[in-house]
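User: I'm new to this structure and would like to learn how to read it. Could you walk me through a few features, one at a time?

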Amino acid sequence: MRMLLIHSDYLEYEVKDKALKNPEPISDEQKTGRLDEVLAVFISVEKVDETNPDEVVEKAVKEIEDVASQIKAERIFVYPFAHLSSELAKPDVALEVLRKIEEKLREKGYEVKRAPFGYYKAFKLSCKGHPLAELSRTIVPEKAVSK
Ligand SMILES: C[C@@H](O)[C@H](N)C(=O)N[C@H]1[C@@H](O)[C@H](n2cnc3c(N)ncnc32)O[C@@H]1CO
């Protein structure tokens, strides 16, 4: 899994078109979204993550929490982003991993939004520009689980 973490004044998106034949079903209110004072986390779920999705979810949540606590961010925007890797996981695994990351961060008390999966989206982002405002992380599963 590849993550790009941007501490931002805001992130807003607008769904444009389908980018997959079967994108995640969304309500009208999910067609746009915005959070202010947010840690935006752009995530590409990778093929290797398919060997142990639950392990990469745990590791990703820990990495995100570590950064959020350092920059004192209370809001997190989970953003599916297919452009950080050339070895992408298949969509059904990727969506499941992203949903679990969202759920676990919310359980830990963060205000969390997730941008819709499987669409072209316009977005605006205002990076804060301090030394920890732009970070990347690579996460790989250590132990493959048998299917
Ligand atoms: C396109 C650009 O504007 C938009 N931002 C976009 O990337 N859309 C992606 C993700 O929402 C999702 N998607 C598919 N596979 C994956 C994957 N392995 N990991 C993450 N997202 C994925 O499906 C879309 C097409 O790849």
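Analyst: Let's start with one serine: the S85 side chain reaches the backbone nitrogen of E87 at 2.8 Å. That is a polar contact, meaning a pair of N or O atoms within 3.5 Å; within protein, one must be able to donate a hydrogen and the other to accept it, and residues adjacent in sequence count only if both atoms are side-chain atoms. Keep in mind that this is a predicted model, where local features need pLDDT of at least 70, side-chain atom pairs count only at pLDDT 80 or more, and totals for chains, interfaces and linings use all residues. Residues are numbered from 1 along each chain as its sequence is written, and side-chain values use heavy atoms, with hydrogens and water left out.

User: Which side chain does the side chain of S85 make a polar contact with?

Analyst: That of E46, at 2.6 Å.

User: Where is S85 placed, and is S85 buried or exposed?

Analyst: Helices (H or I, at least four residues) and strands (E, at least two) are DSSP runs, numbered from the N terminus. S85 belongs to the loop between β3 (75–80) and α2 (91–107). As for burial, buried means under 20% relative accessible area, exposed over 50%, and partly exposed in between (1.4 Å probe, protein chains only). S85 has 15%, so it is buried. With neighbours within four places in sequence set aside, S136 is in contact with M3, L4 and L5.

User: How do I read aromatic pairs, and how many are there?

Analyst: Rings of Phe, Tyr and Trp (its six-membered ring) pair if their centres lie within 6.5 Å; planes under 30 degrees apart count as stacked, over 60 as edge-to-face and the rest as tilted. By this rule there are seven aromatic pairs. Take F81 and F123: their ring centres are 6.5 Å apart and their planes stand at 85°, so this pair is edge-to-face. Since F81 is in the loop between β3 and α2 while F123 is in strand β5 (residues 119–127), the pair ties together parts 42 residues apart in sequence. F81 is partly exposed because its relative accessibility is 21%, and F123 is partly exposed at 37%.

User: What about pockets?

Analyst: Rolling a probe the size of a water molecule over the atoms shows where empty space is left. On a 1 Å grid over the protein atoms alone, a pocket is an open set of points where a 1.4 Å probe fits, with protein on both sides within 12 Å along at least five of seven lines; lining residues have an atom within 4 Å of a point. Here 22 residues line the largest pocket, and P80, F81, A82, H83 and Y119 lie nearest its centre. Two or more lining residues come from each of β2 (32–44), β3, α2 and β5. β5 gives the largest share, four residues.

User: Which residue other than glycine has a positive phi near 55°?

Analyst: Most residues other than glycine have a negative phi. K72 has that positive value, near 55°, and is found in the loop between α1 (53–71) and β3. E37, also not a glycine, has a positive phi of about 50°, and its place is in strand β2.

Technical notes:
Contact means heavy atoms within 4.5 Å.
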